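This report goes through selected features of one protein structure, beginning with a pocket and passing on to its sheets and to a single residue. Please read it alongside the sequence and the coordinates shown here.

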Amino acid sequence: MPKQELPAERFTHNEIEYIPDPYPFFASMRAANPVYFSERIFGGTWLFFGYDDCVAMLKEERLSNARAAVPLRFLPPEQRAEFSDMVDVFERWLAFHDGRQHTGNRRQANRSYMPFTEQRLEPRIRGVVDRLLDAVDPAGFDLMAEFAFPLPAMVIADVLGVPTEAHADLSRWTDDIAHLFGSTQVSLEHVRRTADSTRELAAFLAAPEQRERAEREQGLLHALRTTEVHGQRFDEQDVVAQAAMLLFAGVASIRYLIGNSVHELDRCSPEQRALLTDPGTAPAAVEELLRFCTPVQFIGRVVAEDFSYTGPDGRTAHLRAGRPVLLYSGSANRDETRFDRADELVLDRPLPNPHLTFGAGRHLCFGDPLVRQTTRIALGELYRRMPGLRVPAQELCWNNNLGFHGFTALRVADAGRC
């Protein structure tokens, strides 16, 4: 069945037909069903595909961010109690807070992050990038396994002040959490595995040896513990939760953005790829990659109170309290009514680039500066060292959910070394 004919009623994040290239389906939804009610997703969910609709919903105060338990809706209430400690960690994430609670915790987290300037992080990120690239064989290597997978976990571990050698465990734990939140269909077995991973991650971050190391290294984990705003500090559970949130959000986003970008850049000329190695042009190029190669395809909300929404096309949706809402930033970023040449990668697209990859409004993604900086350094150094980097013909291996869209493996080679 051609991609553009994939039916809306069968769409979920785990249907394999939609995963490799969701953009023709998104385009058909923007044209015919920009606001769509899906009975299949979480027992009834509103899906938004157009740019203007997504922006309106991102700023809508009658939508809530309190969505920590949404992935468990398929379970009977008595079974959800088994996962109360896991949900408690997620409910402490500032990304899942509203109103004054969100404002206060966001201020606290931002103040903790203030010492971690681009100037301070630049040499540390470059050190990790160099270490990984020194170890690959330019004549042929798996970009994902040898570079894109370990890189973000190592960078964020270094920022937190915990051992970079723990990157494999950090990736495994956060991958389980990402699958839970990026899917619309999960098994009870996976929820139990995610609960175990969440407990292990929380125990790792709270361990005395990590606390001592973070203090010694003056890492973010220590800053979250000690920063005081208006006489308030995060308690220990909140410290662990915010660190876990940064790992969850940053590891998958950076990993899949790098893989998606290299795959798309393979179609570009050497002159276009060279924009990533020039400090003057790299920021705009990275913003365009964030738009075009969106690693996290949606942003979730929950309806807090009944209301009706009328979109630009004049159709009205009646949203009922308690219903989930999914805003497809991956679709909005390709909306031809907002972006000229929306279906083209335009690496010199002028700034500002108003993509929705990190959301919009007061709930803008907390980790976006780290994602931007790490991606800029990683891709810049990759193409500086290997200007002839190519993606040979191969069967592409995609992640198993559309929410976190990208490759699990991708063979590459520097044409000049083959």
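## The largest pocket

The largest pocket has a volume of about 320 Å³, and this value, like every other in this report, comes from a predicted model. Its lining is made up of 19 residues, of which Pro 20, Asp 21, Tyr 23, Glu 264 and Arg 334 are the closest to the centre of the pocket.

Which helix gives the most to the lining of the largest pocket? That helix is H1, with five residues. By residue type, the lining of the largest pocket divides into ten nonpolar, six charged and three polar residues.

## The sheet of five strands

Five strands form an open sheet with mixed pairing, and their order across the sheet is E1-E2-E8-E5-E3. Strand E1 (35-38) and strand E3 stand at the edges, and because each has a single partner strand, one side of each is left without a neighbour in the sheet.

Strand E8 (residues 324-327) is in turn paired with E5 in the antiparallel sense over four bridges, where Leu 326 of E8 is the residue opposite Gly 300.

Is strand E5 mostly covered or mostly exposed? Strand E5 (residues 299-303) is mostly covered, since five of its five residues are buried. In a regular strand, side chains alternate between the two faces of the sheet. In E5, Ile 299, Arg 301 and Val 303 point one way, whereas Gly 300 and Val 302 point the other way, and all of these residues are buried.

## The sheet of three strands

A further open sheet has three strands in the order E4-E12-E9, and its pairing is antiparallel. The edge strands here are strand E4 (141-142) and strand E9 (389-390), each of which pairs on one side only.

Between E4 and strand E12 (residues 411-414) there are two bridges, in the antiparallel sense. The bridge partner of Asp 142 in E12 is Arg 411.

Arg 273 is found in helix H14, which covers residues 270-273. Why does Arg 273 count as buried? Its relative accessible area is 3%, and Arg 273 is therefore under the 20% cut-off for a buried residue.

Leaving aside residues up to four places away in sequence, Arg 273 touches Leu 265, Asp 266, Cys 268, Tyr 383, Pro 387, Leu 389 and Arg 390. For one of these residues, Leu 265, a polar approach can be given as well: a polar atom of the Arg 273 side chain lies 3.2 Å from the backbone oxygen of Leu 265. Along the chain, Arg 273 and Val 262 are eleven residues apart, while in space their C-alpha atoms are 9.6 Å apart.

Methods:
Residues are numbered from 1 along each chain as its sequence is written. This is a predicted model: local features need pLDDT of at least 70, side-chain atom pairs count only at pLDDT 80 or more; totals for chains, interfaces and linings use all residues. Side-chain values use heavy atoms; hydrogens and water are left out. Buried means under 20% relative accessible area, exposed over 50%, partly exposed in between (1.4 Å probe, protein chains only). Contact means heavy atoms within 4.5 Å. A polar contact is a pair of N or O atoms within 3.5 Å; within protein, one must be able to donate a hydrogen and the other to accept it, and residues adjacent in sequence count only if both atoms are side-chain atoms. Two strands pair if DSSP finds at least two bridges between them. On a 1 Å grid over the protein atoms alone, a cavity is a set of points where a 1.4 Å probe fits but cannot get out, and a pocket is an open set with protein on both sides within 12 Å along at least five of seven lines; lining residues have an atom within 4 Å of a point. Grid points are joined across faces, edges and corners, and a volume is the space filled by probe spheres set on the points. Ala, Val, Leu, Ile, Met, Phe, Trp, Tyr, Cys and Pro count as nonpolar, Asp, Glu, Lys and Arg as charged, and the others, Gly among them, as polar.
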